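Student: Please walk me through this structure. I would like to learn how to read its features one at a time.

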Amino acid sequence: MALHLLTNLTAATLTDTGAPYGMIEDAAIVIEGSQIAWVGAKADLPSQYQTAQRHDLGGRLVSPALIDCHTHVVHGGNRAIEFEMRLNGASYEEVARAGGGIVSTVTATRAANEDELLQDALLRIDTLMGEGVATIEIKSGYGLDTDTELRMLRVARMIADHRPIRVKTTFLGAHATPAEYKDRDDVYIDEVCIPTLRAAHAEGLVDAVDGFCEGIAFSPDQIARVFNVAQELGLPVKLHAEQLSNLGGAKLAARYGALSADHIEYLDEDGVKAIADAGTIAVILPGAFYTLRETQAPPIQHLRDHGVPMALATDVNPGSSPLSSLLMSMNMGCTLFRMTPEEALRGVTVNAARALGLSDVGVLAPDHIADLAVWDIKHPAELSYRMGFNPLHSRIFGGQL
């Protein structure tokens with residue numbers, strides 16, 4: 001198996017070495033096959049790696065490749081008109097109750113075939129990969145009928161056949177109630193959502209199960225019925241929780257040992273304690289906060305105080321977060337929520353991996369997959385500092401240089 005030795009670099013390993021960012025100056029990285037075999041100071045390179053094929057990285061900074069752990073990249077159409085409506089004074093909730101929002105994307109997604117959904121999604125995927133993303137989570141939730149939900153999940157799986165990127169799929173049938181089930185939320189859960197989850201699992205299309213717990217979506221009791229089935233099928237759960245109000249969704253997620261609780265702008269300290277005790281990751285989504293012009297920021301300091309790891313993601317979707325830049329998400333996390341640049345970088349690497357239940361990506365360490373991002377920068381804080389600037393030099397995926 002070929003050995004590759006990367007030298008003349010600074011490594012931001014994101015491991016817990018005690019140094020900020022897990023930084024190693026004048027570092028070396030050994031890649032064997034698809035995995036990292038060794039990382040450390042070049043002066044400490046073991047003798048068995050001295051003859052490996054060398055690659056001089058020109059003094060650049062190397063980090064783990066980035067991970068976007070909350071996206072809706074597979075969908076039909078766009079909602080630019082609703083964007084205009086909100087700028088003219090309509091709230092997100094008013095748009096949704098008027099038949100817009102999630103339900104408006106359902107019509108466009110149901111009308112699109114697999115190839116149309118795939119080609120549109122690949123445009124967004126290419127943008128994210130161009131910023132160093134190597135792993136992405138993709139949700140369903142814009143079909144809200146069995147055929148379209150399964151079609152979305154199949155397309156999400158197909159992306160990894162068309163691009164060098166790892167894809168984790170999430171079933172989000174409990175995203176909204178479609179027009180044909182208006183005011184019959186419970187019937188929709190029983191007749192469509194749960195049977196579709198079972199069908200998707202039987203087809204091998206689901207890695208996790210999500211829901212939207214909100215006044216304009218589903219109650220904790222309704223989400224619990226979906227989570228019970230997920231538990232029965234052996235699937236981990238996550239939840240859109242406390243985005244617009246506090247219904248106790250995060251506490252519900254914690255009871256089910258959720259991988260993550262996402263959005264959480266209205267999460268109170270009791271909810272923070274609950275997810276801390278459950279080991280649930282907090283996924284911060286500044287793109288939606290920004291687009292909806294919200295004013296209630298997530299409880300970042302409470303999360304720090306209770307030791308809850310924070311991930312960051314784009315939440316790329318056609319309505320509340322039409323954002324296809326994970327680097328911009330990092331800047332927003334720092335600027336809007338006062339996260340530190342190190343918290344932001346950990347949020348799109350090691351903590352994003354944990355939010356997806358992954359233990360073999362997200363840090364530069366032996367026996368981890370060799371997904372690396374090589375940056376034309378000197379210090380990792382630069383990744384969060386600039387806006388509209390992409391310093392990616394190259395991306396190494398699965399050890400492929």
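**Reading the spaces, a helix and the salt bridges**

Tutor: Start with the second largest cavity: its lining has five nonpolar, two polar and one charged residues. Here Ala, Val, Leu, Ile, Met, Phe, Trp, Tyr, Cys and Pro count as nonpolar, Asp, Glu, Lys and Arg as charged, and the others, Gly among them, as polar. This is a predicted model, in which local features need pLDDT of at least 70, side-chain atom pairs count only at pLDDT 80 or more, and totals for chains, interfaces and linings use all residues. Residues are numbered from 1 along each chain as its sequence is written, and side-chain values use heavy atoms, with hydrogens and water left out.

Student: Which residues line the second largest cavity?

Tutor: They are Pro 64, Ala 65, Ile 67, Ala 134, Thr 135, Val 361, Gly 362 and Asp 371. The space in this cavity is about 40 Å³.

Student: How is such a space found?

Tutor: Rolling a probe the size of a water molecule over the atoms shows where empty space is left. The search uses a 1 Å grid over the protein atoms alone. A cavity is a set of points where a 1.4 Å probe fits but cannot get out. A pocket is an open set with protein on both sides within 12 Å along at least five of seven lines. Lining residues have an atom within 4 Å of a point. Grid points are joined across faces, edges and corners, and a volume is the space filled by probe spheres set on the points.

Student: How many cavities of 30 Å³ or more are there?

Tutor: Two. The largest cavity holds about 90 Å³. Its lining has 13 residues, and Tyr 92, His 175, His 240, Asn 317 and Ser 320 lie nearest the centre. By class, that lining has four nonpolar, seven polar and two charged residues.

Student: What about the largest pocket?

Tutor: Its space is about 510 Å³. Of its 20 lining residues, Ala 96, Arg 97, Val 103, Thr 177 and Ile 216 are the closest to the centre. Helix H2 (92-97) and helix H3 (102-111) are the elements that give two or more residues to this lining. Helices (H or I, at least four residues) and strands (E, at least two) are DSSP runs, numbered from the N terminus.

Student: Which element gives the most to that lining?

Tutor: H2, with three residues. By class, the pocket lining has 11 nonpolar, five polar and four charged residues.

Student: How do I read the faces of a helix?

Tutor: An α-helix has 3.6 residues a turn, so residues three or four places apart point the same way. Now take helix H9 (residues 269-278). Its buried residues are Gly 271, Val 272 and Ile 275. Seen down the axis of H9, they fall within an arc of 105°, so they line one face of the helix. The arc is that of the directions from the helix axis to the C-beta atoms. Buried means under 20% relative accessible area, exposed over 50%, partly exposed in between (1.4 Å probe, protein chains only).

Student: What covers the buried residues of H9?

Tutor: The cover includes helix H8 (249-255), strand S10 (260-263), strand S11 (281-284) and helix H11 (300-305). Contact here means heavy atoms within 4.5 Å. Just after H9, Gly 279 takes a positive phi of about 75°.

Student: How do I read a salt bridge?

Tutor: Side chains of opposite charge can pair when their charged atoms come close. The rule asks for a side-chain nitrogen of Lys or Arg within 4 Å of a carboxyl oxygen of Asp or Glu. By this rule the structure has 16 salt bridges. In one of them, Arg 157 pairs with Asp 207, and their closest N and O atoms are 2.9 Å apart.

Student: Why does the pair of Arg 157 and Asp 207 tie together parts apart in sequence?

Tutor: Arg 157 lies in helix H5 (residues 146-162) and Asp 207 in the loop between helix H6 (185-202) and strand S8 (208-213), so the pair joins parts that are 50 residues apart in sequence. Arg 157 is partly exposed, at 26% relative accessibility. Asp 207 is partly exposed too, at 23%.

Student: Which residue meets Asp 186 in a salt bridge?

Tutor: Arg 225, at 2.6 Å, N to O. Asp 186 is in helix H6 and Arg 225 in helix H7 (residues 220-233), 39 residues apart. Arg 225 also meets Asp 190 in a salt bridge, at 2.6 Å, N to O. A network of salt bridges links Asp 16, Glu 342 and Arg 346.
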